[in-house]
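Please open the structure in the viewer and keep the selection tool at hand.

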Amino acid sequence: MDSKILKNFLKTAQLGSLSAAAQEACVTVQALAAQLNKLEQQLGFRLFDRTNKGVTLTDEGRDILPWVTDVVKSSAELQHRAAHLRQRGAPALHIALNNTFPDAVNQALMAFLRARLSAWSLIFSTSESPENLAKLARDEADIGVIIGDRLPAGLYAVNLPGLNIEVVAASAGMPVNNDTVLIKPLPECAYSDCFERFVSRYKKGYAKLPVHYSGSEHISVAMMKSSNSIGIISRRVALMNNLTILPEFTDALRVTLLMKTPLLSDRDLAAFTPDPPLPLSA
């Protein structure tokens, strides 16, 4: 079976739309539909139910999804290995870790990825989710650790099991008064949805406060320390900076490994169990 067709099957399953998947794959919708029809003929069953709203996997499609992921992953590994043999050097993978996590968690993740991706030379960097997304978009990273649910289309996403970010509302301890402002994360920031849930839940107390904007957790902390403001940040960062945590609001965000090529699957990541065990939240 053609690995490109299998890869386009994964894109279609992820995006739930033939037009969106065709755009990502740089083919026409008609060409993509022909590829999927050919794959269904080869397999002997339908892969998608098609409606006006898009496409969804059939039971058979869901059943073979992890196997197709493994085949596409193996194909990508083969291509990288061939590049290694041509260049006589280990092909490099750039991995953008997330500095919201403590060093111990990132160290455990680095050790795990080195073991799972031993055929590559791994180059690590660390930054917040918006910059990691930018690195992926600029082709400066092959894999990025992303916090939250706002994930771009066209990349392969695998949840990191056991890892989560505990999110709180915090301030420098000043009382809420006429000078108090809310620090609102920009839409590309990990905590933007948490901010909306916070304001929606406590409309009477906070919805009418003026808003200042922040592009990163680091900036939010600096603003909270320098003004009478309330921000949405991780519990770990709030405690590290001796900020006052508002007792009425907590939230949680998942952590995702985003990949330009599906080099790791859910089954690979299920084996991520640091030794000794770490408190995998922040």
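Select arginine 197 to begin: its relative accessible area is 33%, so this residue is partly exposed (buried means under 20% relative accessible area, exposed over 50%, partly exposed in between, with a 1.4 Å probe and protein chains only). The model is predicted: local features need pLDDT of at least 70, side-chain atom pairs count only at pLDDT 80 or more, and totals for chains, interfaces and linings use all residues. Residues are numbered from 1 along each chain as its sequence is written, and side-chain values use heavy atoms, with hydrogens and water left out.

Aspartate 251 is buried, at 16% relative accessible area.

Next, select glutamate 166 and arginine 235, which form a salt bridge with their closest N and O atoms 2.9 Å apart. Glutamate 166 is partly exposed at 28%, and arginine 235 is partly exposed at 26%.

Proceed to arginine 50 and glutamate 40, joined by a salt bridge of 3.8 Å, N to O. Here arginine 50 is partly exposed, at 39%, whereas glutamate 40 counts as buried, at 10%. In the whole structure, a search finds 14 salt bridges.

Cysteine 26 is exposed, with a relative accessible area of 71%, while cysteine 194 is buried, at 0%. The count of disulfides (pairs of cysteine sulfur atoms within 2.5 Å) is zero.

Note on methods
Salt bridge = Lys/Arg side-chain N within 4 Å of Asp/Glu carboxyl O.
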